[in-house]
Amino acid sequence: MKISHIILSTLLLMIFNTAHSQDGLTQSQLNQAASQHFGTSDYMLNKAYAQLMGVLSEERKEKLKTSQRTWIKFRDSEADFISGAYGNGSMRPLIHAQVLIRLTEQRTSELTRIHLNEITP
């Protein structure tokens with residue numbers, strides 16, 4: 001488990017560095033890099049969710065499902081709200097993805113923390 005977190009952290013750092021080395025990149029390329037970063041963040045969130053689901057009682061699994069569905073609606077609405085300040089500008093997809101990334105990585109950390117509390121005696 002720790003090795004997969006190290007590999008994931010390295011992968012995320014590589015994507016982050018690619019997305020943030022803006023020399024010579026077009027706005028479209030920055031938007032695409034941010035979208036890919038979000039894809040990786042979402043993948044890691046799904047992994048953390050699955051790990052936590054694997055250790056919960058049936059009752060708590062149902063509560064987590066409800067919580068996660070509600071959180072996803074919040075995350076998506078928040079990204080729409082924040083990026084909405086950019087109208088239909090070319091930066092809007094980048095800002096939208098950055099909000100999704102930030103919130104998704106926070107949620108991943110939270111689910112991971114809960115998982116660790118569940119498995120630690």
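Helix packing and burial in a predicted model

Student: How does H2 pass H4, in a left-handed or a right-handed crossing?

Tutor: H2 passes H4 in a left-handed crossing. The term applies if the near helix is turned anticlockwise from the far one by less than a right angle, whereas clockwise gives right-handed. This is a predicted model, in which local features need pLDDT of at least 70, side-chain atom pairs count only at pLDDT 80 or more, and totals for chains, interfaces and linings use all residues. Residues are numbered from 1 along each chain as its sequence is written, and side-chain values use heavy atoms, with hydrogens and water left out.

Student: What makes H2 roughly parallel to H4?

Tutor: Helix H2 (residues 27-53) and helix H4 (residues 92-119) pack at an angle of about 20°, with axes 8 Å apart. Axes are lines fitted to C-alpha atoms, for helices over the stretch in contact, and angles run from 0 to 180 degrees between N-to-C directions. Angles under 35 degrees count as roughly parallel, over 145 as roughly antiparallel, 65 to 115 as roughly perpendicular and the rest as oblique. Therefore H2 is roughly parallel to H4.

Student: What makes H3 roughly antiparallel to H4?

Tutor: The packing angle of H3 and H4 is about 155°, again with axes 8 Å apart. H3 is therefore roughly antiparallel to H4. H3 passes H4 in a right-handed crossing.

Student: Which classes of residue form the contact of H3 with H4?

Tutor: That contact has 10 nonpolar, five polar and eight charged residues. Here Ala, Val, Leu, Ile, Met, Phe, Trp, Tyr, Cys and Pro count as nonpolar, Asp, Glu, Lys and Arg as charged, and the others, Gly among them, as polar.

Student: How do you know that Thr104 is called buried?

Tutor: Thr104, in helix H4, has a relative accessible area of 0%. Buried means under 20%, exposed over 50%, and partly exposed in between (1.4 Å probe, protein chains only). Thr104 is therefore buried. Leaving out residues up to four places away in sequence, Thr104 touches Phe38, Ser41, Asp42, Leu45, Trp71 and Arg75, where contact means heavy atoms within 4.5 Å.

Student: Why is Met91 called partly exposed?

Tutor: The relative accessible area of Met91 is 36%, so Met91 is partly exposed. Met91 sits in the loop between H3 and H4. Beyond four places in sequence, Met91 touches Gln27 and Tyr86. Met91 and Asn31 are 60 residues apart in sequence, yet their C-alpha atoms are 7.6 Å apart.

Student: What makes Tyr86 partly exposed?

Tutor: Tyr86 has a relative accessible area of 39%, so Tyr86 is partly exposed. Tyr86 also lies in the loop between H3 and H4. Not counting residues up to four places away, Tyr86 touches Met91, Arg92 and Ile95.

Student: What makes a set of residues a nonpolar core?

Tutor: The set must consist of buried Ala, Val, Leu, Ile, Met, Phe, Trp, Tyr and Cys residues joined through side-chain atoms within 4.5 Å. The largest such core has 15 residues, and those with the most contacts inside it are Tyr49, Leu52, Leu64 and Leu111. H2, helix H3 (58-83) and H4 each give two or more residues to this core, and the largest share, six residues, comes from H2. Apart from neighbours within four places in sequence, Tyr49 is in contact with Leu64, Lys65, Gln68 and Leu111.

Terms used:
Helix = DSSP H or I, 4+ residues; strand = E, 2+ residues; numbered from the N terminus.
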